[in-house]
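Biologist: I would like to learn how to read a few features of a protein model. Can we take them one at a time?

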Amino acid sequence: MPYSGLYANTARCREKVWQRKSVRVSGVLVLRCRQWHTRSMDGTIELVIARYAEDISWVAQTGLPACVYDKSGGQGALLSAAPAVTPLPNVGRESHTYLHHILSRYPDFPDYTVFLQGAPFFHMDEGATPDSLRRTILDLARRNVRFKGLAYYAIRCDGQGNPHHLRDPEHRGKWAGWGRDIPVAATYAGLFAGPVPKSFHTRAPAGLLMVSRERILARPAGLYRKAMELILADPHDAANTGHAMERLWYIVFNGYAPLNRNDYPDSPSCKDASPKDSP
């Protein structure tokens, strides 16, 4: 079986699970990323990597299976040992990648999905390594933690994302939405029922998080379709919708069913084939 070396250093691994399926998203038949799960005493685990041009050789060092989505057009050092590298258009930041993954898999998820950017360690505890990340993930699974942000910090902000660094002079030109606020409250209102909170306590900044299958499925597929619509309406993130989603994942995955609305899209209405950004 290919890629068996990926599991050589996974002490808790008991079984390897592989599936290759296709799914129809937005009326288009899409080949799913090959599904490799680590099955341990703690359940199945899969990493989902949102990559642009980062060196992701660290993924193999975790000893955990990964589904890699690449938005670089093949730039940089790809992970040669990855079970699959799926190209995506360079739109919507990592939020687009995560939503694409969820919509293409729904409702077929491992026990735990770990969503990560291509260079996550800068945002983690000092000295974090692929091995320490693996140990953290397995410990969270062992303790049946249903949601956990993996950055070393959390963010408390208002409905416009304040305080934020999108007006800092040194970041001018780094993001299309530089100089604008982050529409956290407006994005929340588009996704959830009930009144909009006045403040938000982001427990999974930087798009680094681990979530259980039951928490993903606590939201209907329609919520994820609606989120994708919002992201694709701002494909270059000029209005900072992708930044807003980053601050709302902890609510998306909090498992509180009364937040679900009854007017989500019943069928896929968002198109993943958006124009590709210039690198």
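Biologist: Where is the place of P107?

Modeller: P107 sits in the loop between α2 and β8 (112-117). The labels follow DSSP runs numbered from the N terminus: helices are H or I runs of at least four residues, and strands are E runs of at least two. The model is predicted, local features need pLDDT of at least 70, side-chain atom pairs count only at pLDDT 80 or more, and totals for chains, interfaces and linings use all residues. Residues are numbered from 1 along each chain as its sequence is written, and side-chain values use heavy atoms, with hydrogens and water left out.

Biologist: Which residues does the cis peptide bond with an omega of about 5 degrees join?

Modeller: That bond joins Y106 and P107. Another cis peptide bond runs from N162 to P163, with omega near 0 degrees. P163 belongs to the loop between β10 (155-158) and α4.

Biologist: What is phi of N144 near?

Modeller: Phi of N144 is near 55 degrees, a positive value in a residue other than glycine. N144 lies in the loop between α3 (130-142) and β9 (147-149).

Biologist: How do I read two helices that pack together?

Modeller: Two packed helices are described by the angle between their axes and the distance between the axes. The axes are lines fitted to C-alpha atoms over the stretch in contact, and angles run from 0 to 180 degrees between N-to-C directions. Here α2 and α6 pack at about 150 degrees, with axes 10 Å apart. That makes α2 roughly antiparallel to α6 (under 35 degrees is roughly parallel, over 145 roughly antiparallel, 65 to 115 roughly perpendicular, the rest oblique). The crossing of α2 with α6 is left-handed (the near helix is turned anticlockwise from the far one by less than a right angle; clockwise is right-handed). Contact, meaning heavy atoms within 4.5 Å, involves S95, H96, L99, H100, I102 and L103 of α2 and A221, Y224, R225, A227, M228, I231 and L232 of α6. By class, this contact of α2 with α6 has nine nonpolar, three polar and one charged residues (Ala, Val, Leu, Ile, Met, Phe, Trp, Tyr, Cys and Pro are nonpolar, Asp, Glu, Lys and Arg charged, the others, Gly among them, polar).

Biologist: At what angle do α4 and α6 pack?

Modeller: Helix α4 (184-191) and helix α6 (221-232) pack at about 140 degrees, their axes 9 Å apart. α4 and α6 are therefore oblique to each other, and their crossing is right-handed. T187, G190 and L191 of α4 meet L223, K226, A227 and L230 of α6. The classes in this contact of α4 with α6 are four nonpolar, two polar and one charged.

Biologist: Which element gives the largest share of the lining of the largest pocket?

Modeller: α2 does, with three residues. By class, the lining of the largest pocket has 14 nonpolar, ten polar and ten charged residues.
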